[in-house]
Amino acid sequence: MASEVVGQEQPRGGGKQKNGQAAEGRTRRVLRDIGNLVPAPVAAVEGKQQQISRPITRGFKTQLLANAHKEAEKNTKAGAVAKTAAAASAKDTEKPKPEAAAHCQEEEALKCKEEKNPNSGKKKPEKSLTSILAARSKAVSGPSRKSKETIVDIDETDIDNELAAVEYVEDIYKFYKLTEEDGRVGNYMDSQPDINSKMRSILVDWLVEVHKKFELMPECLYLTINIMDRFLSMKVIPRRELQLVGISSMLIACKYEEIWAPEVSDFISVSDNAYVREQVLIMEKAILGKLGWYLTVPTPYVFLVRYIKASVPSDPEIQHMVFFFAELGLMDYSTTIRYCPSKLAASAVYAARCTLNKAPLWTETLKHHTGYSEDQIMDCAKLLVSFHSGAAENKLKGVYRKYSNPERGSVALFPPARTLLLSESS
């Protein structure tokens, strides 16, 4: 339809279209600059400058970039020529002195030499007088002494072991050292008219055999002897009841330490039916009453396990040897009442290291964890080694037979530490 046809742009002269009809509809607007026109070189028309614009095409854009690069290169070359001319003029105006010129020539020659051989121009660092004197002194006096021995962290491997209680183990053993005097006994044999130290040694030797027969835990033996000694220091007993005190003390220790404790009938049987059930139960009640049910005491065993761990490196052989010396000490009455549990344990470790020729005999790690120096435990260690020396000829062979077994490394058959025996005799 004629009304819907878009009219073409009408000539500027206002003429009619070819068909002679008037233009209908809206007249199209003239194309204007929409941002795609760039200024072209200014052309002179009739003495006036006229700005000519043209659309940017790919070819035209490439041409503009090429022209811009040429102009930049031209400006760069001109600047370089100007700098060269300025430098030449300055060189001509300021001529160096002959000495300076010669020095410059030497520097240039040295520089060329260094470029050819980079290592030739480097000077060796000069040694100071102090370093020279120190080196000469070291050569005369020999190698310097080793630095102070460091303390080994013996709990490092047990960080992930919850049963090791690594966070509290140091505080636990500090508490043991503070309370070990509560479980100690004095010289009670003078108050026992019917028994003596030899009878006690015979009883302990027999309890070692019973402990081995029942396959009890090691800590059970140490607690048994502690309970027995503490009770004997509080109550006078006749000779016929001494063995009864021993089996009743072991019965209490088994109930405290073992998961499956032996029954009363087992102890009666092992004692060759010397007592009846009622006697054992009455004695058990009497012991607990005298001790006030105080059974959580630091025996030598709790210190032994810690000190063996501190004897780095720890191996089964030294472990068996330490327990061998500790049980020899428990059998002797004078050793038990003279030395506290921690010192007895530390002395057993020292005697074992001397017997097995461990070097050094006493380390900073052991000194730190035991709290004893080598001099403080020397007397007790010599005593333990003397027990080892006479164990084979001793009539009480319970401990000796126990540790002569290959299951425990046959450590009782090792020759005693002669260094400690010689020092004791001298």
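Tutor: Helices are DSSP runs of H or I with at least four residues, and they are numbered from the N terminus. This is a predicted model, and its chain comes to 17 helices and four strands.

Student: Where does Pro313 lie?

Tutor: Pro313 is in the loop between α10 and α11 (316-331).

Student: What makes the peptide bond between Val312 and Pro313 cis or trans?

Tutor: Its omega is about -10°, and the bond is cis. Another cis bond runs from Ala359 to Pro360, with omega near -5°. Pro360 is in the loop between α13 (341-355) and α14 (364-370). Most peptide bonds are trans.

Student: How do you know whether Arg306 is buried or exposed?

Tutor: Buried means under 20% relative accessible area. Arg306 has 6% relative accessibility, so Arg306 counts as buried. Arg306 lies in helix α10 (residues 300-310).

Student: Which side chain makes a polar contact with the side chain of Arg306?

Tutor: That of Asp155, at 2.8 Å. A polar contact needs a pair of N or O atoms within 3.5 Å. Residues touched by Arg306 also include Tyr173 and His369.

Student: How do you know that the length of helix α9 agrees with its number of residues?

Tutor: The expected span is 1.5 Å times one less than the number of residues. For the 15 residues of α9 (residues 277-291) that gives 21 Å, and the end C-alpha atoms are 21 Å apart, so the two agree.

Student: Which residues of α9 are buried?

Tutor: Val280, Met283, Glu284, Ile287, Leu288 and Leu291. Because these residues cover an arc of only 135° around the axis, they are on the same side of α9. They pack against α6 (218-232), α7 (242-257) and α8 (264-270). The face turned away from the buried side carries the exposed residues Glu278, Ile282, Lys285 and Gly289.

Student: What is the phi of Glu215?

Tutor: Near 55°, a positive value in a residue other than glycine. Most residues other than glycine have a negative phi. Asn357 also has a positive phi, near 55°.

Student: What makes Asn357 buried or exposed?

Tutor: The relative accessible area of Asn357 is 66%, so Asn357 is exposed. Asn357 is placed in the loop between α13 and α14.

Definitions and conventions:
Residues are numbered from 1 along each chain as its sequence is written. This is a predicted model: local features need pLDDT of at least 70, side-chain atom pairs count only at pLDDT 80 or more; totals for chains, interfaces and linings use all residues. Side-chain values use heavy atoms; hydrogens and water are left out. Helices (H or I, at least four residues) and strands (E, at least two) are DSSP runs, numbered from the N terminus. Buried means under 20% relative accessible area, exposed over 50%, partly exposed in between (1.4 Å probe, protein chains only). A polar contact is a pair of N or O atoms within 3.5 Å; within protein, one must be able to donate a hydrogen and the other to accept it, and residues adjacent in sequence count only if both atoms are side-chain atoms. Contact means heavy atoms within 4.5 Å. The arc is that of the directions from the helix axis to the C-beta atoms. Lists of a residue's contacts leave out its neighbours within four places in sequence.
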